[in-house]
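Here is a briefing on one predicted model. The sequence and structure come first, then the main points by topic.

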Amino acid sequence: MEKSKVYFTKKITPETVIQMYQVLGRELPGKVAVKVHSGEKGNQNYLRPEFMRPMVEAVNGTVVECNTAYEGARNSTEKHKQLINEHGWTKYFEVDLMDAEGPDIVLPIPNGKVLKENYVGKNIANYDSMLVLSHFKGHPAGGYGGAIKQLSIGCASSEGKSLIHSGGFTDDQTIVWNHMASQDVFCEAMADAAGSVMEYFKGNTAFVNMMCNLSVDCDCCAVAEDPCMKDIGILSSLDPVALDKACMDLIYQSKDPGRDHFVERVESLNGTHTIDAAAELGYGTKEYELIEID
């Protein structure tokens, strides 16, 4: 597989997000879903709707999210919609909670490492393409969170999230959250699920990772550590695997005093195994050309 192009700028502004999408040279067709992280109640690090607004409007997109599968303010449709409103998303956008109502859509994963299928919110069928806007940061379960996580955990319904976390474990055909897979199996399940969403949109996807507010904790944490590193920039690609790999490489290359703390979080959970597994599945590559944009 030839090297993927990954674009990078040190500038972090709403307008730069648009620029980094445009340099990809792919105009997303039809009705565009814009996948964001709405932010858990109490979290201070998630990217605000005001920052995302110009990009969403530039593609005439619909902001999409899904419910969680753990305790918090986003694990039911009613609570999640209330929080989305409190966080200001509905002030600017139409927001589609894709798994607000069932039944889920079941995406097949014929060649998955762990999963044979992925459960996503049925409203994904309303869209022709997807722009994935990811806040790149650490994560207490996956080690790090970026484009692959947004495709997998981010697009999965509550049941789908449980299936990924359990490594495909079911009990009498019921998906259970409290059966936690081993760490590497969980990472591979995320890679499987992300690949199923890539296959669903058949190339009508684009990815932008924002490397700012670099906490070791995810935006899904109600109590999260403050950022431990200075902001790095914005990266974009048509390849989510190359994009996440490039972001991790920038972390490793950083001379920031908080770099070791961030790396410890990722390595303690073998987070880059998700990137390795995704590359092995073939919907992206770890080989990339980094192209800096002024």
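Five bridges join strand β12 (residues 205–211) to β13, and the two run antiparallel. Met210 has Ile234 of β13 as its bridge partner. Strands pair here if DSSP finds at least two bridges between them. Helices (H or I, at least four residues) and strands (E, at least two) are DSSP runs, numbered from the N terminus.

**Basis and confidence**

- This is a predicted model: local features need pLDDT of at least 70, side-chain atom pairs count only at pLDDT 80 or more, and totals for chains, interfaces and linings use all residues.
- Residues are numbered from 1 along each chain as its sequence is written, and side-chain values use heavy atoms, with hydrogens and water left out.
- The pLDDT is the predictor's confidence in each residue, from 0 to 100.
- The chain averages a pLDDT of 95, and 97% of the residues score at least 70.
- Among the elements of the chain, strand β13 (residues 233–237) has the highest mean pLDDT, 99.
- Strand β11 (residues 174–175) has the lowest, 55.
- Where pLDDT is low, the predicted coordinates should not be read in detail.

**The sheet**

- Eight strands form an open sheet with mixed pairing, in the order β4-β3-β2-β7-β12-β13-β1-β14.
- The edges are β4 (95–97) and β14 (288–292); each has a single partner strand, so one side of each is left without a neighbour in the sheet.
- From one strand to the next, the twist averages 25°.
- Strand β3 (residues 62–65) pairs with β4 in the parallel sense, over three bridges.
- Val63 stands opposite Val95 in β4.
- Helix α3 (residues 77–86) packs on the sheet and touches β3 and β4.
- The direction of α3 makes about 160° with that of β4; angles run from 0 to 180 degrees between N-to-C directions, and axes are lines fitted to C-alpha atoms, for helices over the stretch in contact.

**Strand β13**

- Strand β1 (residues 4–9) is joined to β13 by four bridges, and they run antiparallel.
- The bridge partner of Val6 in β13 is Ser237.
- Five of the five residues of β13 are buried, so the strand is largely enclosed by the rest of the structure.
- Buried means under 20% relative accessible area, exposed over 50%, and partly exposed in between (1.4 Å probe, protein chains only).
- Both faces of β13 are covered, with Gly233, Leu235 and Ser237 buried on one side and Ile234 and Ser236 buried on the other.

**Helices α8 and α9**

- Helix α8 (residues 240–253) packs against helix α9 (residues 259–268) at an angle of about 135°, with the axes 9 Å apart.
- That makes α8 oblique to α9: under 35 degrees counts as roughly parallel, over 145 as roughly antiparallel, 65 to 115 as roughly perpendicular, and the rest as oblique.
- From α8, Met248, Ile251 and Tyr252 meet Arg259, Phe262, Val263, Val266 and Glu267 of α9.
- Contact means heavy atoms within 4.5 Å.

**Two loop residues**

- Pro29 lies in the loop between α1 (14–22) and β2 (32–35).
- Pro29 is partly exposed, at a relative accessible area of 31%.
- Beyond its neighbours within four places in sequence, Pro29 is in contact with Asp128, Ser129 and Asn204.
- Gly72 sits in the loop between β3 and α3.
- Gly72 is partly exposed, at 29% relative accessibility.
- Gly72 and Cys220 are 148 residues apart along the chain, and their C-alpha atoms are separated by 8.9 Å.
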